Every structure is written in C-alpha cells, then in structure tokens.
Amino acid sequence: MAQHDDEDREFDLKWADGAEHKEPSARARMLAARWRENPPEPTPFRGEPEGVGPRRSSWISTVIVLGSVAAVIVLLGYADFRAP
C-alpha cells in the first residue's frame with residue numbers, strides 16, 4: 001500500500017511540475033502588490049556603503065606597518081643587548 005501511495009505522489013509531482021501556468025508564491029504576490037503602489041528605488045549592483053569614513057592612503061598604511069616592524073626589531077635588539 002505504501003508503494004502505491006509513493007507512485008501516486010510521484011505522478012502528482014510530475015503532473016504539477018509539468019503545468020503550463022504556475023501560480024506565484026504568496027510572497028511574490030505581496031511584493032507585486034506593494035511595488036504596484038510604491039515601486040522600489042533603483043539600486044546599483046555594488047553601491048557605496050553608507051556611513052563609511054574616508055579611507056587611508058596606501059602609503060600611510062605602509063609606513064605604519066614598516067614602523068611597527070622596525071620598532072619590534074629595535075625592541076628585540078635592546079632586550080638581547082640587556083640580557084647577560
């Protein structure tokens with residue numbers, strides 16, 4: 001009996017998938033109705049994020065990194081010099 005139900009269900013799914021006209025989902029109908037009254041603003045694919053401060057230039061970042069590396073080297077050299 002279970003095999004017969006599975007075959008009927010499979011037939012129903014094939015029949016439903018083969019339908020010429022498919023009704024849109026409830027969410028699609030809701031958005032379509034909302035957009036008819038108040039269409040959304042066009043947005044670029046990769047728009048600028050809002051609230052982002054000015055970016056640092058690359059040379060400032062390079063100076064910060066190299067300065068940090070130099071400070072670590074000097075600190076390690078000083079610690080090695082002070083060790084007995």
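Student: Where is Ile 64 placed?

Tutor: Ile 64 sits in helix H3, residues 58-82. Helices here are DSSP runs of H or I with at least four residues, strands are runs of E with at least two, and both are numbered from the N terminus. This is a predicted model: local features need pLDDT of at least 70, side-chain atom pairs count only at pLDDT 80 or more, and totals for chains, interfaces and linings use all residues. Residues are numbered from 1 along each chain as its sequence is written, and side-chain values use heavy atoms, with hydrogens and water left out.

Student: What is the relative accessible area of Ile 64?

Tutor: It is 42%, so Ile 64 is partly exposed. Buried means under 20% relative accessible area, exposed means over 50%, and partly exposed lies in between (1.4 Å probe, protein chains only).

Student: Which residues make the nonpolar surface patch?

Tutor: Trp 59, Ile 60, Val 63 and Ile 64 make a patch of about 390 Å². Patch residues have over 30% relative accessible area and no salt bridge; nonpolar side chains (Val, Leu, Ile, Met, Phe, Trp, Tyr) are joined within 5 Å, like charges within 9 Å.

Student: New topic. How many salt bridges are there?

Tutor: The whole structure has one. Glu 23 pairs with Arg 29, with the closest N and O atoms 3.0 Å apart. A salt bridge needs a side-chain nitrogen of Lys or Arg within 4 Å of a carboxyl oxygen of Asp or Glu.

Student: Are those two buried or exposed?

Tutor: Glu 23 is exposed at 62%. Arg 29 is partly exposed at 40%.

Student: And what's the overall pattern?

Tutor: Along the sequence it reads α-α-α. There are three helices and zero strands. Buried residues make up 1% of the 84 residues.

Student: Where is confidence lowest?

Tutor: In helix H1, residues 2-17, with a mean pLDDT of 66. Helix H2, residues 26-37, is highest at 92. pLDDT is the predictor's confidence in each residue, from 0 to 100. Where pLDDT is low, the predicted coordinates should not be read in detail.

Definitions and conventions:
Areas by Shrake-Rupley, 256 points an atom, 1.4 Å probe, with all protein chains shown as cover.
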